[in-house]
Amino acid sequence: MKVDVVIVGARCAGAATALLLARAGARVVVVDRGRYGTDTLSTHALMRGAVLQLHRWGVLPAIVNGTPAVTATTFSYLHEDVTVPIEPKYGVEALYAPRRTLLDGLLSAMAVESGAEVIYGVTVDGLVTGTDGRVRGITAVAGGQRHTIEADLVVGADGLYSTVARHVGAEPIVVGRHAAAVLYSYWSGMNEANYRWVFRQDGSIGAIPTNDATCVFVSVPARQFKDRVRAASLGPPSGRANATEAYHRLLHEVCPEFGARLEGATRVEAVHGFGGHPGFIKRSTGPGWALVGDAGYFKDPATAHGITDALRDAELLARAVLAGTTTAMEQFEATRLELSRRLFEITDEIASFAYSDGQLQSLHREFSREMSREVHALAALEPLPCLSAAG
Ligand SMILES: Cc1cc2nc3c(=O)[nH]c(=O)nc-3n(C[C@H](O)[C@H](O)[C@H](O)COP(=O)(O)OP(=O)(O)OC[C@H]3O[C@@H](n4cnc5c(N)ncnc54)[C@H](O)[C@@H]3O)c2cc1C
């Protein structure tokens, strides 16, 4: 099989890139080792840039129906609460936090409607490389059989532990110093209408209204994670039972007032845990390859901005691919870095948990200015070409 673009990973980064390329008429195959419509280890608060992208791509109506509209964000600091209303702008009236089953499934289904082929159950384990060193395709295993797909471009949208990034040797440009660990689950009966971010000494909590429930996470420095899980539970720091017990205890320990609010609510799902990973921005293009989403740019969940940037870079990459020049790919690399660097650095500082209330508020104000700059850059883009019937 030979196509224009083969994309490894069919979640927000890969499926969005496929959707945009297929709409513009490119022959695209997306492969993913997972299954369609499944969940993944992530909370899912979207910021304005993501909602703007989904609006422009025509994806938002299918999300708005059934996902609560968030019209303000409350930052709860040690000494004061600050509520920031979402100002209607660029067609964005509210923020949303759709479950990944919904968001990723929708993007994948719309990529297919637009003409992309999306194949699940395919594990990519290598790249096809020409004698000139250019990447020319992928090798994969599916159903016990080996497969090769040749392509003019291989896009790694395969997440934090990207196989594509490893095979092309994508070197880090910036590396983070800090990491936060996260435990999260879903609650009914919370009556939480806003995004609520609670910051305390050595811990934070977030409440994210989503489909039929509120996602509640508690986050602590990764270096303390095992000890604090052990201290908060009865057994060794492994196993779901201990994570569940630690989750409940840490919510009360980090912020007793927040813990008290949960007493009238019911946890309706299992507890999920992420041990933390320092962030990175890696080189994202080379001969015959590109990276998008976490594969090339991972930052700590502390600022809940990974999906927003994955969607941003899906569009920037699709534009570069459609332009079809090396200069356009270099421009993608440069723009991605220029828009990401401060977001990345501030996120890393927030993930350190080493700040006073005043310092944290000033980091949040700067992050907000950087998000506005990102949104402004996205809003200024001309609409992408749309040749397919579904576009
Ligand atoms: C605990 C936690 C909380 C978070 N909370 C938020 C939040 O609130 N808001 C936000 O914006 N971001 C959040 N993030 C970040 C967000 O989850 C990521 O930025 C986002 O998932 C990146 O999407 P992606 O498409 O690049 O990669 P992924 O979502 O990781 O998808 C990669 C896909 O590639 C596939 N794949 C991997 N390897 C292979 C292979 N070899 N062959 C075939 N397929 C492969 C996988 O099956 C997967 O489907 C959070 C992250 C974590 C860990």
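Visitor: Which residues does Ser284 touch, not counting residues up to four places away in sequence?

Guide: This is a predicted model, where local features need pLDDT of at least 70, side-chain atom pairs count only at pLDDT 80 or more, and totals for chains, interfaces and linings use all residues. Residues are numbered from 1 along each chain as its sequence is written, and side-chain values use heavy atoms, leaving out hydrogens and water. Contact means heavy atoms within 4.5 Å. On that basis Ser284 touches Trp289, Ala290, Leu291, Phe332, Glu333 and Arg336.

Visitor: Is Ser284 buried or exposed?

Guide: Buried means under 20% relative accessible area and exposed over 50%, with partly exposed in between (1.4 Å probe, protein chains only). Ser284 has a relative accessible area of 0%, so this residue is buried.

Visitor: Which side chain makes a polar contact with the side chain of Ser284?

Guide: A polar contact is a pair of N or O atoms within 3.5 Å; within protein, one must be able to donate a hydrogen and the other to accept it, and residues adjacent in sequence count only if both atoms are side-chain atoms. For the side chain of Ser284, the partner at 3.5 Å is the side chain of Arg336.

Visitor: How far is a nitrogen atom of the ligand from an N or O atom in the side chain of Thr43?

Guide: Thr43 is among the residues that come nearest to the ligand, with Asp32, Ser42, Asp294 and Ile307. An oxygen atom of the ligand is 3.2 Å from an N or O atom in the side chain of Arg11. For the ligand nitrogen and the side chain of Thr43, the distance is 2.6 Å.

Terms used: Near = heavy atom within 4 Å.
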